[in-house]
Amino acid sequence: MSGTFLGTPAFPEAARAALSDTQLRRNLAHATTTIRTKRAKVVGEVDEWEQLRLAGEAIKNRALRHLPHYLEQLERSLTEAGATVHWARDAAEANAIVVDIVRKHGTDEVVKVKSMATQEIDLNGALEAAGIHAWETDLAELIVQLGDDLPSHILVPAIHRNRAEIREIFLREMGRAGRAAPEDLTDEPAQLAAAARAHLREKFLRAKVAVSGANFAVAETGALTVVESEGNGRMCLTLPEVLVSVVGIEKVLPSHQDLDVMLQLLPRSSTGERMNPYTSTWTGVTPGDGPQEVHVVLLDNGRTDVLADPTGRQTLRCIRCSACLNVCPVYERTGGHAYGSVYPGPIGAILTPQLRGVGHDAQTDSLPFASSLCGACFEVCPVRIDIPEVLVHLRAQVVDAHKRERSLPSVQDLAMKAASWAFSSSSRTAAAERAAGFGGRLAAKVGRTAPGGRPVLGAIPGPAGAWSDSRDVPVPAPESFRQWWARTDGGRTEREERR
Ligand code: SF4
């Protein structure tokens with residue numbers, strides 16, 4: 001069983017540890033550069049890429065604006081197609097539903113298609129606790145699972161591992177989980193893939209129940225779609241008798257036409273391919289073909305809270321392509337584990353705090369600050385999520401949450417309150433200016449001169465001293481603008497004197 005992110009320290013501390021791992025940085029730089037370059041090339045081939053992005057944004061916005069309507073339509077379409085729809089408010093409810101279905105079928109194992117939603121709710125942990133083994137069948141997920149590791153990338157969860165490390169994990173662990181890796185296994189990619197294929201095949205053929213997520217769910221027809229590159233998903237979605245799909249409620253699309261746009265945006269943005277090698281679409285139950293019992297668990301788990309926030313809700317447009325991770329200078333150096341969540345990188349920095357809520361723990365509150373706000377993530381996002389805007393919005397929420405916690409106001413709070421009081425009345429502003437002018441004349445006698453001849457004060461005494469440690473505090477002007485205006489009749493007397 002994979003570990004969990006529980007106990008991950010706040011981002012700066014976790015990042016420091018990751019930065020000292022040169023092997024990790026080398027693996028990440030190589031992998032992200034390769035995917036980034038591929039993406040740029042295939043995106044550059046599409047003249048109307050920006051129009052596609054705008055269309056993707058508009059489709060997702062429409063789906064989110066009318067989410068209750070489309071979800072109910074999806075439920076009706078799925079039910080008519082023979083599927084059973086379940087609604088889960090949170091992770092506990094979703095996990096209980098899946099465990100219950102698996103138990104009813106008297107089996108103690110399931111095969112899994114890679115799914116972010118099931119990672120988010122730690123379904124594998126819940127199944128394990130119920131005595132049910134969940135076998136990951138995506139190659140990278142298999143590496144993470146066998147290595148008792150944690151995913152560090154949305155699309156390539158084992159991006160932090162190189163070939164030699166993968167070979168060592170396969171040789172050491174495969175035999176404990178099923179068919180062992182051949183003893184003469186090398187670190188050639190083809191050999192590693194062949195070992196994984198042989199290991200997984202017996203699981204595919206034996207499993208009665210499969211668990212998946214879905215990239216998209218079409219409301220008008222009830223069709224679910226999974227895109228993948230290895231064919232393991234196709235095996236899971238077609239061979240077992242029972243299929244359970246855990247689907248975040250934001251995955252709904254109004255129509256099949258919308259799917260057309262998304263299937264152009266997603267592969268180019270994620271793997272840098274023109275189309276996905278495997279695109280599986282299924283609609284409920286088809287007698288005699290594929291799983292004869294189909295369940296769909298529609299998962300909220302904080303998504304309706306995200307939807308309620310006018311700035312934050314754009315996060316729900318995300319199609320989990322991971323393009324923002326591959327261009328992020330912070331992610332490239334720290335890797336995914338430093339984010340302490342199944343959602344790393346820029347999307348994780350905005351999604352995780354919104355799903356968990358800010359102001360409760362230091363780790364979550366550190367995530368909106370794990371960015372230089374360079375904006376590269378927005379430039380590549382296929383659904384135009386303005387990640388920097390949401391980051392700044394969340395930073396304000398974190399600051400506000402901690403401000404409420406403090407029993408005593410800070411020096412800055414007091415200074416701002418005093419400024420607000422003084423500037424909200426013209427007579428108080430004038431009095432403050434007179435006092436500043438008097439202070440300025442006095443300070444000019446005791447202050448010092450900065451390079452350039454400008455008079456400046458020395459260090460400010462008391463709690464504000466930290467502010468002046470690294471700054472020159474200017475001496476207030478001896479006369480305010482208004483005093484000058486009154487004295488010179490708007491500058492006229494000075495002009496006449498100069499003539
Ligand atoms: S935020 Fe945009 S770029 Fe990042 S994973 Fe989501 S869709 Fe892709």
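User: Where do aspartate 100 and lysine 104 sit, and how many residues apart are they?
Analyst: Both are in helix 5 (residues 91–104), four residues apart, so about one helical turn separates them. Helices here are DSSP runs of H or I, at least four residues, and strands are runs of E, at least two; both are numbered from the N terminus. This is a predicted model: local features need pLDDT of at least 70, side-chain atom pairs count only at pLDDT 80 or more, and totals for chains, interfaces and linings use all residues. Residues are numbered from 1 along each chain as its sequence is written, and side-chain values use heavy atoms, with hydrogens and water left out.

User: What do the side chains of aspartate 100 and lysine 104 meet in?
Analyst: Side chains of opposite charge can pair when their charged atoms come close. Here, aspartate 100 and lysine 104 meet in a salt bridge, at 3.3 Å from N to O. The term means a side-chain nitrogen of Lys or Arg within 4 Å of a carboxyl oxygen of Asp or Glu.

User: Is lysine 104 buried or exposed?
Analyst: Lysine 104 is exposed, at 67% relative accessible area. Aspartate 100 is partly exposed, at 40%. Buried means under 20%, exposed over 50%, and partly exposed in between (1.4 Å probe, protein chains only).

User: How many salt bridges are there in the whole structure?
Analyst: A search finds 28. One of them joins lysine 403 and aspartate 400, at 3.8 Å from N to O. These two are three residues apart in helix 19 (residues 387–405). Glu50, Arg53, Glu57, Arg317 and Arg384 are linked in a network of salt bridges.

User: What about aspartate 365: which side chain of opposite charge is nearest?
Analyst: That is arginine 356, 8.7 Å away. Aspartate 365 is buried and has no salt bridge. Lys and Arg count as positive, Asp and Glu as negative; His and the chain ends are not counted. Aspartate 365 lies in helix 17 (residues 362–366).

User: In what order do the four strands of the open sheet run?
Analyst: Strands of a sheet pair through backbone hydrogen bonds, either parallel or antiparallel. The order here is 8-5-6-9, with mixed pairing. Strand 8 (252–253) and strand 9 (278–283) stand at the edges with a single partner strand each, so one side of each has no neighbour in the sheet. Two strands pair if DSSP finds at least two bridges between them. Strand 5 (residues 216–218) pairs with strand 8 in the parallel sense, over two bridges. Alanine 217 stands opposite valine 252 in strand 8.
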